[in-house]
Amino acid sequence: MSVLTLTVLLAGCGAGEQVGPRASTPVWQSAAPTTPAALTPAEAKSRYLAIVAPYNIALEELEDAANAGKPWRTVRTLAAEVARTNAAHAVELREAVWPAEVRAPMAALLKENDVALRHWRRAGEAADADALMREIRAAAAHSGATEAGRVRTALGLPAYREG
């Protein structure tokens, strides 16, 4: 009897409609992804400056702390913040559609940034002052300053001046 009850209940769920396999939406009806337009030169300038500001601030805070002789654990915490802002700004720089003249120097900057980021992350996790300083020096060797200067030139921005 219970099988019959279940069959009756299931039959009643369809409200008398026949349910067949769902027809898939034809591919030609789906919305085609659009490529975003490149930023205008003015948009690119302001976008670049907005993206790199948190990273530049974090770098300056780290430099100030190291130069002031702050404890290595304090500097390590600041290095971890540099790593965080470095990773975040790299994502944003990659997501932007830069004007054609900015793309090559931006690619070079991001390549250097990827190397530096590995060292910033290690610095932020350093077990001692020696490891911390070794990783900071390695990151600084891949600062991307030259490449960033080329990006700034391509954007028509003046050379970077610390805070």
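Colleague: Which helix gives the most to the lining of the largest pocket?

Modeller: H2 does, with 10 residues. Helices here are DSSP runs of H or I, at least four residues, numbered from the N terminus. A lining residue has an atom within 4 Å of a pocket point.

Colleague: What are the ground rules?

Modeller: The model is predicted: local features need pLDDT of at least 70, side-chain atom pairs count only at pLDDT 80 or more, and totals for chains, interfaces and linings use all residues. Residues are numbered from 1 along each chain as its sequence is written, and side-chain values use heavy atoms, without hydrogens or water.

Colleague: Back to the pocket. How much space lies in it?

Modeller: About 690 Å³. Volume is the space filled by probe spheres set on grid points, joined across faces, edges and corners. A pocket is an open set of points on a 1 Å grid over the protein atoms alone, where a 1.4 Å probe fits, with protein on both sides within 12 Å along at least five of seven lines.

Colleague: Which residues are closest to its centre?

Modeller: Tyr 55, Asn 56, Leu 59, Ser 143 and Tyr 160, out of 30 lining residues. By class, the lining has 17 nonpolar, 9 polar and 4 charged residues. Nonpolar is Ala, Val, Leu, Ile, Met, Phe, Trp, Tyr, Cys and Pro; charged is Asp, Glu, Lys and Arg; the others, Gly among them, are polar.

Colleague: Switching topic. How do H2 and H4 cross?

Modeller: At roughly 35°, with axes that come within 15 Å. Axes are lines fitted to C-alpha atoms over the stretch in contact, with angles from 0 to 180 degrees between N-to-C directions.

Colleague: Which residues make the contact?

Modeller: Tyr 48, Tyr 55, Leu 59 and Leu 62 of H2, with Met 106, Leu 109 and Trp 120 of H4. Contact means heavy atoms within 4.5 Å. The classes are 7 nonpolar, no polar and no charged.

Colleague: How many aromatic pairs?

Modeller: The structure holds 1. Tyr 48 and Trp 98 are edge-to-face, 6.4 Å centre to centre with 75° between the planes. Pairing needs ring centres of Phe, Tyr or Trp (its six-membered ring) within 6.5 Å, and edge-to-face means planes over 60 degrees apart.

Colleague: What does the pair tie together?

Modeller: Tyr 48 lies in H2 and Trp 98 in the loop between H3 and H4, so the pair ties together parts 50 residues apart in sequence.

Technical notes
Helix = DSSP H or I, 4+ residues; strand = E, 2+ residues; numbered from the N terminus. Phe/Tyr/Trp six-rings, centres within 6.5 Å; stacked < 30°, edge-to-face > 60°.
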